[in-house]
Amino acid sequence: MQIRKYKYAIPVLILSIGILAACSGSSAKKESDSPQEAANVKTAKPDNLILTDAQMKNVGIEIGPITQKNLDAAIKANGQLAVPPQNKADVSILSGGVIGHISVLEGQQVKRGQVLATISNQDLIKIQQDYLAAKSNFTYVQAEFSRQRQLQDAGAGTGKSFQSAQATYNAELSRIKAFESQLRQLSISPDRINSGHIVSSFPVVSPITGTVGKISANTGAFVQPGTSIMEVVDNSKIHCDLTVFEKDLMQVKLGQKVNFQLTNQGDMMITGKINGINKSFENESKGVIVHAEIDNRQHKNLIPGMYVTALINIGNHMVPAVPVEAVVRSGGRQYIYIITDEQTGPGKTTSYNFKKAEVATGVMELGYVEIKPMTDLPANAKTALKGAFYLESKAEGGADDD
């Protein structure tokens, strides 16, 4: 009977121990999953990021101040770069012939009067012969005119003979001047012809100082009179032709400042001002061409035909702005990274302490966006203008420390 009682007691004891162990494990798991414990396990995100100037250079971070931009008191317009007609020349020839030599290459800088090519023309020899013959004949005509004038002054000659000699003299003189003018147009010196230098080719010279554009002829090709064989462009007076539509036209005035962005050139920024407004619409677009001169003191490589987007400043409402890529988004909010400290260590290595600052954004134009800081920023604060995405990734633990 006693043995039977122990027989039932042992399974009950084992079952109780199992229940107690399960309850203990569940309690331990519950404690480890508590928010307090999870917070202790997870590493807190750093509030500040410290990078050296070498690290910043490696990842493409650029810093600078928050600038003031006129983004909302402006008219947006599109257009192209162009040069005035007097700064673009087609190099044409006055007399047909065969191109004997081309002395320049496309893109080469040339000066006014510089020889660009030579044209061979056999008719040129006849012009020189006629010129020399006219010069020789003029010697006799001039002497006869002088003799008849002397007789006329002495009262020994007849008026008819003097008038005939005078008419012949004037005609031959005009003929010689016409030959000389023709030779000079072909860039041939009449004085060299008088000294016996007969040529069978004439040079083609540049009419302006500038850059050689497209060369449309080859050596050995026959070209007709008036044919353009190349162009020369002087970009020193390059300007921008903007299309302003009727609704904005009344707000555009001479002298207004313009900010340009070269749309296909890495968003290069240039400035200028309005210096001309057309008085007629372009076709049926209801747009008027507005001319703006460009401030190119930095000698950027501007080429006619480049497309631009421009902001014409019609007011003076300046707002703090940064490049669009300086603003990062996280958790439905927008931030910029400002520099809170800057230190120079051994070896002149400078380290920068970056801190995230929340902002709201406004008008976005020409690659810049208006920012409205949610908290006060330090005076003259510098911010990451490029590479802010790297700082955000590093703050989130997604970038390696270099």
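This note reviews salt bridges in the predicted model shown above.

1. A search of the whole structure finds 8 salt bridges.

2. Aspartate 130 is paired with lysine 126 in a salt bridge, and the closest N and O atoms of the two are 3.0 Å apart. Both residues belong to helix H4, which covers residues 123–154. Because they stand 4 residues apart in that helix, about one helical turn separates them. Aspartate 130 has a relative accessibility of 24% and therefore counts as partly exposed.

3. A salt bridge also joins the side chains of lysine 247 and aspartate 248, with an N to O distance of 3.0 Å. Lysine 247, in contrast, is exposed, at 68% relative accessibility, and the cut-off for exposed is over 50%.

4. Lysine 356 and glutamate 392 meet through their side chains in a salt bridge of 3.2 Å, N to O. Which parts of the chain does this pair link? The two parts are distant: lysine 356 lies in strand S21 (residues 350–365), while glutamate 392 lies in helix H8 (residues 388–395), and the residues are 36 apart in the chain.

5. The accessibility of this last pair may also be noted. Lysine 356 is partly exposed, its relative accessible area being 28%. Glutamate 392 has a relative accessible area of 9% and is therefore buried.

Methods. Residues are numbered from 1 along each chain as its sequence is written. This is a predicted model: local features need pLDDT of at least 70, side-chain atom pairs count only at pLDDT 80 or more; totals for chains, interfaces and linings use all residues. Side-chain values use heavy atoms; hydrogens and water are left out. A salt bridge is a side-chain nitrogen of Lys or Arg within 4 Å of a carboxyl oxygen of Asp or Glu. Buried means under 20% relative accessible area, exposed over 50%, partly exposed in between (1.4 Å probe, protein chains only).
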